Amino acid sequence: MLKLKERGFIEEKGKNLVSTKLGQDFHDTLPHMATAPDMTALWHQQQKDIEAGNIKLKAFLQGLVSTVTKEVEEVRARGLDIEVKGHHCPTCKKHLLRKTKGKSGYFWGCRGYPDCKATFPNKGSKPDFNSKPKSTGQATDHACPECEKGKLVKRTGKSKKTKKSFNWYGCDQFPTCKARFFEKDGKPEIPDQEDA
C-alpha cells in the first residue's frame with residue numbers, strides 16, 4: 001500500500017483509501033487479464049491444483065511467464081496512454097521527485113537516487129525550488145590535523161552580526177570529526193602549522 005501511495009496511485013480521503021486519477025488511468029491501460037477479478041480466482045485455483053499434485057509447478061510458471069511476456073510485448077508495441085504528472089527533477093531532468101519523510105520532516109528527493117542525489121525542501125506540500133541549495137563544499141588536499149583520516153573541505157559561511165561572507169574549513173569525516181578552521185591567506189588557519 002505504501003508504494004501505491006508513494007507513486008501516486010492511491011490517496012487517503014478521510015478514513016478511506018481511494019484511487020487517484022493517475023491510478024485510474026493506469027488501471028484503464030492494463031489488459032483485461034490483469035484487472036479481471038476472475039484471473040486472481042483462476043490463479044488461486046491453479047495453486048491449489050499444484051498443491052494437490054494435479055498440475056506441475058513448472059507448467060503453471062511457464063503459462064504465467066508466457067501470458068505476461070505476451071502482454072508486455074503488446075504494451076511495448078502500442079505504448080501506454082498515461083499522462084505522468086508530478087514534479088520533474090531540475091538537476092538530472094530524467095526523473096520525477098518523491099516526497100519523503102526524513103529526520104527533520106518532509107523533503108523532496110529525486111527518484112533517480114543514488115544516480116541523482118538532488119533534494120529540495122518541502123514547502124506547502126510542494127518542492128521548494130527557490131531555496132538556497134546546501135553546499136557540500138569544495139574538497140581540498142589539506143589533511144585534517146585532528147583526526148588524521150579526513151581531508152578538509154572549504155565552505156562558505158555568513159556572519160550573523162556583520163552579514164558578511166567568510167570561508168572556513170571542516171573535516172569531511174563530520175560528524176565523527178568536528179574539526180573547523182578559519183581561512184587565512186587562502187588556506188586553512190591551523191594553529192600548530194602557522195609558523196611552519
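Which residue takes a positive phi just after helix 4? Gly 53 does, with a phi of about 85°. The legends below start from there.

This is a predicted model, with pLDDT of at least 70 needed for local features and pLDDT 80 or more for side-chain atom pairs to count, while totals for chains, interfaces and linings use all residues. Residue numbers run from 1 along each chain as its sequence is written, and side-chain values use heavy atoms, leaving out hydrogens and water.

**View 1. Helix 4 and the glycine that follows.** Helix 4 covers residues 37-52; helices here are DSSP runs of H or I with at least four residues, strands are E runs of at least two, and both are numbered from the N terminus. With 16 residues at 1.5 Å a residue, helix 4 should span 22 Å, and its end C-alpha atoms sit 23 Å apart, which agrees. That expected span is 1.5 Å times one less than the number of residues. Just after helix 4 comes Gly 53 with its positive phi.

View 2. Lys 5 pairs with Glu 12, their closest N and O atoms being 2.4 Å apart. Lys 5 is partly exposed, at 34% relative accessible area (buried is under 20%, exposed is over 50%, partly exposed is in between, using a 1.4 Å probe and protein chains only). Lys 21 meets Asp 25 at 3.0 Å, N to O. Because Lys 21 and Asp 25 are four residues apart in helix 2 (residues 21-29), about one helical turn separates them. Lys 21 itself is exposed, at 55% relative accessibility.

View 3. Most residues other than glycine have a negative phi, and most peptide bonds are trans, so exceptions are worth a look. Tyr 113 and Pro 114 are joined by a cis peptide bond, with omega about 10°; Pro 114 sits in the loop between strand 4 (105-110) and strand 5 (119-123). Lys 93 has a positive phi, near 60°, in the loop between helix 5 (57-78) and strand 3 (97-102), and is exposed at 67% relative accessible area. Glu 148 also has a positive phi near 60°. Glu 148 is in the loop between strand 7 (138-143) and strand 8, and is exposed at 67% relative accessibility.

View 4. Phe 166 is in strand 9 (residues 165-171) and is partly exposed, at 31% relative accessibility. Leaving out neighbours within four places in sequence, Phe 166 is in contact (heavy atoms within 4.5 Å) with residues including Arg 155, Thr 156 and Phe 182. The C-alpha atoms of Phe 166 and Arg 180, 14 residues apart along the chain, are 13 Å from each other.

**View 5. The largest nonpolar core.** Eight residues make up this core: Cys 144, Leu 152, Tyr 169, Cys 171, Cys 177, Ala 179, Phe 181 and Ile 190. A nonpolar core is a set of buried Ala, Val, Leu, Ile, Met, Phe, Trp, Tyr and Cys residues joined through side-chain atoms within 4.5 Å. Not counting residues up to four places away in sequence, Cys 144 touches Gly 150, Lys 151, Leu 152, Cys 171, Cys 177 and Ala 179. A second, separate core has seven residues, among them Cys 89, Trp 108, Ala 118 and Phe 120.

**View 6. Thr 20, a buried loop residue.** Thr 20 lies in the loop between strand 2 (16-19) and helix 2, and is buried at 11% relative accessible area. Beyond residues up to four places away in sequence, Thr 20 touches Gly 8, Phe 9, Ile 10 and Glu 11.

How values were computed. Salt bridge = Lys/Arg side-chain N within 4 Å of Asp/Glu carboxyl O.
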